[in-house]
Amino acid sequence: MTMNLHTLKGAPGSRKSRHRVGRGMSSGSGKTSGRGQKGQGARSGGKKGAGFEGGQLPIHMRLPKRGFNNRAFGTEYTVVNVSDLARFESGQTVTPDALVESRVIGKVGDGVKVLGDGEINVALTVKAHKFSKSAVQKIEAAGGKAEVI
């Protein structure tokens, strides 16, 4: 016997007919349709979603919120590590524009901050808006200068 698409059937018990509520007392879920007697759960609106507390002010609204982030007026510095400056030649002056040109950073933003992550052994004059203490130490130890713009 060949098998055709129109002869395929699901495994026995794999397809169950949906439960039809409110179709008479003999169905087992007639009259109140499995919703019990009266109350909010029996109404058409029913119980609301997660976090609903029966009309009481929900806990996430009762608790105070913490923290504040002043993004509108805050300054966001583009970060450059000392190890990123090692690609420049000795004696060169490194400015934010030079960093963008050499694709060390994408854009200057509100300013450039040099951090002391990594090592540098090239004497450079680095001009940036901010420096960390360790960055200044490493730049000067390599024979360079750190100048704040």
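Begin by selecting Glu 140, which is partly exposed with a relative accessible area of 49%, where buried means under 20% relative accessible area, exposed over 50% and partly exposed in between, with a 1.4 Å probe and protein chains only. The model is a predicted one, in which local features need pLDDT of at least 70 and side-chain atom pairs count only at pLDDT 80 or more, while totals for chains, interfaces and linings use all residues. Residues are numbered from 1 along each chain as its sequence is written, and side-chain values use heavy atoms, with hydrogens and water left out.

Next, zoom out to the whole protein, which has three helices and six strands, running α-β-β-α-β-β-β-α-β from the N terminus on. The radius of gyration is 35 Å, well over the 15 Å that the globule rule gives for 149 residues, so the protein is more spread out than a compact globule; the radius is taken over C-alpha atoms, and the rule is 2.2 Å times the number of residues to the power 0.38. The C-alpha trace spans about 95 × 65 × 20 Å along its principal axes, and buried residues make up 19% of the 149 residues.

Now select strands E1, E3 and E5, which form an open sheet in the order E1-E3-E5 with parallel pairing; two strands pair if DSSP finds at least two bridges between them. Strand E1 (78-81) and strand E5 (130-131) stand at the edges with a single partner strand each, so one side of each is left without a neighbour in the sheet. Between E1 and strand E3 (residues 112-115), which run parallel, there are four bridges, and Thr 78 has Val 112 in E3 as its bridge partner.

Finally, move to the segment before helix H1 (59-62), where Lys 31 is found. Most residues other than glycine have a negative phi. Lys 31, however, has a positive phi near 50 degrees, and at 65% relative accessibility this lysine counts as exposed. Ser 33 lies in the segment before H1 as well, and has a positive phi of about 55 degrees although it is not a glycine; this serine is partly exposed, with a relative accessible area of 22%.

Key. Helix = DSSP H or I, 4+ residues; strand = E, 2+ residues; numbered from the N terminus.
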